[in-house]
Amino acid sequence: MPPPLTQGQVSPGGSAGGMWNDRTQSSGMPTPPTSGVMCGIGCNININADGDLWVTKVIPGGPAAFSCEIAVGDVILAVDGVQVKGDTTDEVAKRIVGPEGVPITITCRVRRSLNGTTMDVDKPVTLIRQPPVHIPERLCEGPIGLGIDLVRLDNGHYQVRKLQSGGAAYLTSKLRVGDVVTAINTTPLQTLGPRADISSLILGDPFSRVSVTISAAHGGMQTGAGMRGGGIGWCI
């Protein structure tokens, strides 16, 4: 069974970002292929002390897990453009659950670290509703990372040497071979000694967030809040 798709990925028989472009109703509007099975995005939610709806668990093998874009601790702000602040968990669950194969956009508030400070960023994520793919429990145990191999450079930074298949970096394409990692969370890597174990900065609980600042191989400095984990075959 193929993994759930996010927009931008290519489905069998479909194009990137439009897995049902060739299916139309008489009105000319696209009709998503659906089995009629009702399903969601593969995460549990609850209400915190501030009244926000936050993600308490990401289900391995579900659309949220495969997207590597929704993590434990993220706050859900809107579902398909409808604000959910003040709604109950049941009300939000009813908005999320729908026919298999139909897209849904979740707007989350994500916490990122940059230059020693922490900030919240609002981010929309479009997923395809699908039932979770079974993942053996032993592959879902932490601590886990982003699925990258790093090599230390003379200036104290670390370069991405390899992306592990199935890891978060591989699935999102936000890190590429040749990118130079300059900081992890609020820690500049140049401040660490040559024998420092940076795996302790990257590794964490499955589906938790870690901020990585990179000097991209294709130019520019970027900071992203990655999700530890990925799809199949968890990697360090």
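The following legends describe close-up views of a predicted model.

**Figure 1. Overall composition of the protein.** The predicted model contains four helices and 14 strands. Of its 236 residues, 42% are buried. Among contacts between residues at least 6 apart in sequence, 58% join residues at least 24 apart. The protein exposes about 11,800 Å², and carbon and sulfur atoms supply 52% of that area.

**Figure 2. The largest nonpolar core and Ile-70.** This core has 40 residues, and those that touch the most other members are Ile-41, Ile-70, Ile-76, Val-79, Ile-106 and Leu-146. Strand 7, which spans residues 103-114, provides the largest share of the core, namely four residues. In soluble globular proteins, nonpolar side chains tend to be buried together. Beyond its neighbours within four places in sequence, Ile-70 contacts Ile-41, Val-55, Val-58, Ala-64, Ile-106, Cys-108, Val-125, Leu-127, Arg-209 and Met-227.

Figure 3. Met-227 belongs to strand 14, which covers residues 221-227. With 0% relative accessibility, Met-227 is classed as buried. Residues up to four places away in sequence being set aside, Met-227 touches Ala-65, Cys-68, Ile-70, Ala-71, Leu-146, Ala-168, Phe-207, Ser-208 and Arg-209. One of these partners, Cys-68, is itself buried, at 4% relative accessibility. Gly-204 lies 23 residues from Met-227 along the chain, and the C-alpha atoms of the two residues are separated by 9.7 Å.

Figure 4. Ser-208 is located in the loop between helix 4 (199-202) and strand 13 (209-215). Ser-208 counts as buried because its relative accessibility is 16%, under the 20% limit. The side chain of Ser-208 reaches the backbone oxygen of Asp-205 at 2.6 Å. Ser-208 is also among the residues touched by Met-227.

Figure 5. Strand 9 (residues 148-152) pairs with strand 10 (residues 158-163) in the antiparallel sense, over five bridges. Within this pairing, Asp-149 is placed opposite Lys-162 of strand 10. The two strands form a hairpin with five residues between them, and Gly-156 in the turn has a positive phi of about 95°. Strand 10 is also joined by two bridges to strand 11 (residues 180-184), and these strands run antiparallel. Here Gln-159 stands opposite Val-180 in strand 11.

**Figure 6. Val-160 within strand 10.** Val-160 is part of strand 10 and, at 2% relative accessibility, is buried. Its contacts, not counting residues up to four places away in sequence, are with Asp-149, Leu-150, Arg-176, Val-177, Gly-178, Asp-179 and Val-181. Val-160 and Ile-214 are 54 residues apart in sequence, and their C-alpha atoms are 9.7 Å apart in space.

Figure 7. A search of the whole structure finds zero disulfides. For Cys-43, the closest cysteine sulfur is that of Cys-108, at 7.8 Å, which is too far for a bond because a disulfide requires sulfur atoms within 2.5 Å. Cys-43 counts as buried, with a relative accessibility of 18%. Cys-108 is also one of the residues in contact with Ile-70.

Terms used
Residues are numbered from 1 along each chain as its sequence is written. This is a predicted model: local features need pLDDT of at least 70, side-chain atom pairs count only at pLDDT 80 or more; totals for chains, interfaces and linings use all residues. Side-chain values use heavy atoms; hydrogens and water are left out. A nonpolar core is a set of buried Ala, Val, Leu, Ile, Met, Phe, Trp, Tyr and Cys residues joined through side-chain atoms within 4.5 Å. Buried means under 20% relative accessible area, exposed over 50%, partly exposed in between (1.4 Å probe, protein chains only). Contact means heavy atoms within 4.5 Å. Two strands pair if DSSP finds at least two bridges between them. A polar contact is a pair of N or O atoms within 3.5 Å; within protein, one must be able to donate a hydrogen and the other to accept it, and residues adjacent in sequence count only if both atoms are side-chain atoms. Accessible areas come from the Shrake-Rupley method with a 1.4 Å probe; for residues, only the protein chains shown count as cover.
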